[in-house]
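Colleague: I have a model open and would like to learn how to read it. Could you take me through some features one at a time?

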Amino acid sequence: IHKSFHNIHPAPSQLRCRSLSEVGAPRWNDYEVPEEFNFASCVLDYWAQMEKEGKRGPNPAFWWVNGQGDEVKWSFREIADLTRRTANILTQTCGLQQGDLLALILPRVPEWWLVAVGCMRTGIIFMPATIMLKAKDILYRLQMSKAKGIVTTDTLASDVDSMASECPSLKTKLLVSDHSREGWLDFRSLVKSASPEHTCIKSKTMDPMVIFFTSGTTGFPKMAKHSHGLALQPSFPTSRKIRSLKTSDVSWCLSDSGWILATMGTLVEPWTAGCTVFIHHLPQFDTKVIIQALLKYPINQFFGAPSIFRMILQQDFTSIRFPALEHCCTGGEILWPKDQEEWKRRTGLLLYNVYGQSETGIICATLREMKIKPGFLGKASPPYDVQVIDDKGSILPPNTEGNIGIRIKPARPVTLFMCYEGNPEKTAEVECGDFFNTGDRGMMDEEGYICFLGRSDDIINASGYRIGPAEVESALMEHPAVAESAVVSSPDPIRGEVVKAFIVLTSQFLSHDKDQLTKELQDHVKSVTAPYKYPRKVEFVPDLPKTITGKIKRKELQKKEMGQM
Ligand code: BCO
């Protein structure tokens, strides 16, 4: 196990000599791909062994708090033990097998990490999703994926029960709760009695590991399927320099457990470096709680969407010093130069930008050792060769606007998604010559720094959430007041963008109070789909601009919204 890890993994400096003397010259580099890789056995079990040998230091590997005095601290050895137990629950008690799909819909509770790693150990493909999902969203995911299992909490269990008959593939339901529920396996009891003996599968690097649902302009979310190779990304020498994490670091990445940012930023990346993952349960986003946590705990690495930094800066302080904080990193949506300036002025800290997607992990980054260029994402992060391309896939010269593309020919990077599961058309659609077209517009300067210039399609990125307009329009259409709607992005000083709905009312609602109706429609969207998608802005219009064939011209509304018309 250790040999295979060190062959691909640059161990922390104090361990490097030992690993070199053990295995000879390392053969890893930014592009090399081992035939077999499993994050659980190659990385976590390695750190558990280092702990056993007294070579890691006393910091916990996992540190969870909930703000009400509850705290969980686990070492790597404890995580290894608990995730092996989880692996046994998944295979023996639930009867799941390598290649089966499991929906993982939990808030930030410690069990999320156990189930994710338990899946890695068994080859069960996990599908993280936000706890904000509503019944219909879950039904769609279960039916699309033909998931054989689901892990969730009391909040969603009754929704799942009400639709289980429509999901014939669903065989097993695991509940993470302090109470039991009929028809559900009780994870917390099972983990206590499960055997800690388990042999991790020998996964091929290109075997599937995880699926993220990701929104598009049309239709409902697609399933971006990733191999175990995704978990190799933080092992690559350049990626390690993004945050330069070390074993003594305490890293807090504030992402909902449903996004790729959680899988990478709260699990794979920090644990590759052997550092402490700090998690605050934070069921409701609260800026004051974040500030208090940064003041109270020895968090020295902080990662969150730009909106989170902007929301912190909205608080009433002229200057603040977080005692332990050294490095701040942000990504997931646009970061404005003024955010970086303001953060530096008021906290004394630099704010580093990274850029990625559910399909890719991190594509570009401003490494900790690089100079920050305000307004730029940073440079391509290997294994990605990132270029700005035209619509035919030809590379454009520096300082020319085009599509941000990732080279996939002659070789597809191991960390890039494998495909949109069950959707070869959409998978083919995002290929453009020798490149994967991210759908983002950008420009590269002479030094290789890339800047983000917006989406080429209608996807909305509201405070780091990727939202397909069709999903919101379809939710609105369920309300009797809505005859037609068009949903676009609208600029917002804090959230970067917000969802705006242009609505044509049905005749019986024309005389209704507009403020009341706005609130009613917002609440309606929150109740039928994940609430982060609700239109924060609503405008009632007599009609919508359309093409001659009757297609709504979202672009026209969008341009108006951006003040370009
Ligand atoms: O704004 P409101 O208060 O009216 O509504 C909020 C919530 O109160 C509400 N809500 C939540 N759960 C609910 C509910 N309503 C009904 N029932 C429930 N169960 O829904 C609204 C949620 O909106 P929000 O999350 O946008 O707003 P909030 O709470 O102010 O949070 C702000 C942020 C910044 C914390 C949040 O937007 C956020 O976490 N953004 C980051 C997203 C992210 O991590 N993106 C990264 C994706 S991965 C990636 O891009 C790849 C690579 C780097």
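Predicted model: local features only at pLDDT ≥ 70, side-chain atom pairs only at ≥ 80, totals over all residues.

Colleague: Which residues of α6 are buried?

Modeller: The cut-off for buried is under 20% relative accessible area. In α6 the buried residues are Asp-137, Ile-138, Leu-139, Arg-141, Leu-142 and Ser-145.

Colleague: Let's turn to the ligand. Which residues come nearest to the ligand?

Modeller: There are 23 residues around the ligand, and those that come nearest are Ser-463, Gly-464, Tyr-465, Tyr-534 and Arg-536. A polar backbone atom of Ser-463 is 2.7 Å from a nitrogen atom of the ligand. For Gly-464, a polar backbone atom is 2.9 Å from a nitrogen atom of the ligand. With Tyr-534 a side chain takes part: one of its polar atoms lies 2.8 Å from an oxygen atom of the ligand.

Colleague: How much of the ligand's accessible area does the protein cover?

Modeller: On its own the ligand has 1100 Å² of accessible area, and the protein covers 76% of that. The elements that give two or more residues to the shell are α10 (260-272), α12 (306-313) and β14 (351-357). Of the elements, α12 gives the most, with three residues.

Colleague: How do the residues of the shell divide into nonpolar, polar and charged?

Modeller: Twelve are nonpolar, seven are polar and four are charged.

Colleague: Now to strands. Is β14 mostly covered or mostly open?

Modeller: Here is a general idea to begin with: side chains in a regular strand alternate between the two faces of the sheet. As for β14, six of its seven residues are buried, and the strand is mostly covered.

Colleague: Which strands does β14 pair with, parallel or antiparallel?

Modeller: Strand β13 (residues 327-330) runs parallel to β14, and three bridges join them. To find this pairing on screen, look for Cys-328, whose bridge partner in β14 is Leu-351. Strand β15 (residues 361-365) runs antiparallel to β14, with four bridges between them. There, Gly-356 has Ile-362 of β15 as its bridge partner. A hairpin of three residues links β14 to β15.

Colleague: What about residues in loops? Where is Ser-255 placed, and why does it count as buried?

Modeller: Ser-255 sits in the loop between β10 (250-253) and α10. Ser-255 counts as buried because its relative accessibility is 5%, and the cut-off is under 20%. Setting aside residues up to four places away in sequence, Ser-255 touches Arg-108, Leu-261 and Ala-262.

Colleague: And Ser-235: in which loop is it found?

Modeller: Ser-235 is in the loop between β9 (222-227) and α9 (237-243). Ser-235 has 1% relative accessibility, so it counts as buried too.

Colleague: One more strand, please. Why is β26 described as largely enclosed?

Modeller: Strand β26 (residues 496-505) is largely enclosed by the rest of the structure because ten of its ten residues are buried. Strand β25 (residues 482-492) runs antiparallel to β26, joined by ten bridges. One of the pairs to look for is Ser-490 with Val-498 of β26. A hairpin of three residues connects β25 to β26. Strand β27 (residues 537-540) runs parallel to β26, with four bridges, and there Lys-500 stands opposite Lys-537.

Colleague: Glu-497 lies in β26. Why does it count as buried, and what does its side chain contact?

Modeller: Its relative accessibility is 19%, so Glu-497 counts as buried, given the cut-off of under 20%. The side chain of Glu-497 makes a polar contact of 2.8 Å with the side chain of Ser-489. Neighbours within four places in sequence aside, the contacts of Glu-497 include Ile-460, Asn-461, Ala-462 and Ser-463.

Technical notes:
Residues numbered from 1 in each chain as written. Heavy atoms only, no water. Buried < 20%, exposed > 50% of the residue type's maximum accessible area, 1.4 Å probe, protein only. Near = heavy atom within 4 Å. Polar contact = N/O pair within 3.5 Å; in protein donor to acceptor, adjacent residues only side chain to side chain. Areas by Shrake-Rupley, 256 points an atom, 1.4 Å probe, with all protein chains shown as cover. Nonpolar A, V, L, I, M, F, W, Y, C, P; charged D, E, K, R; others polar. Pairing = 2+ DSSP bridges. Contact = heavy atoms within 4.5 Å.
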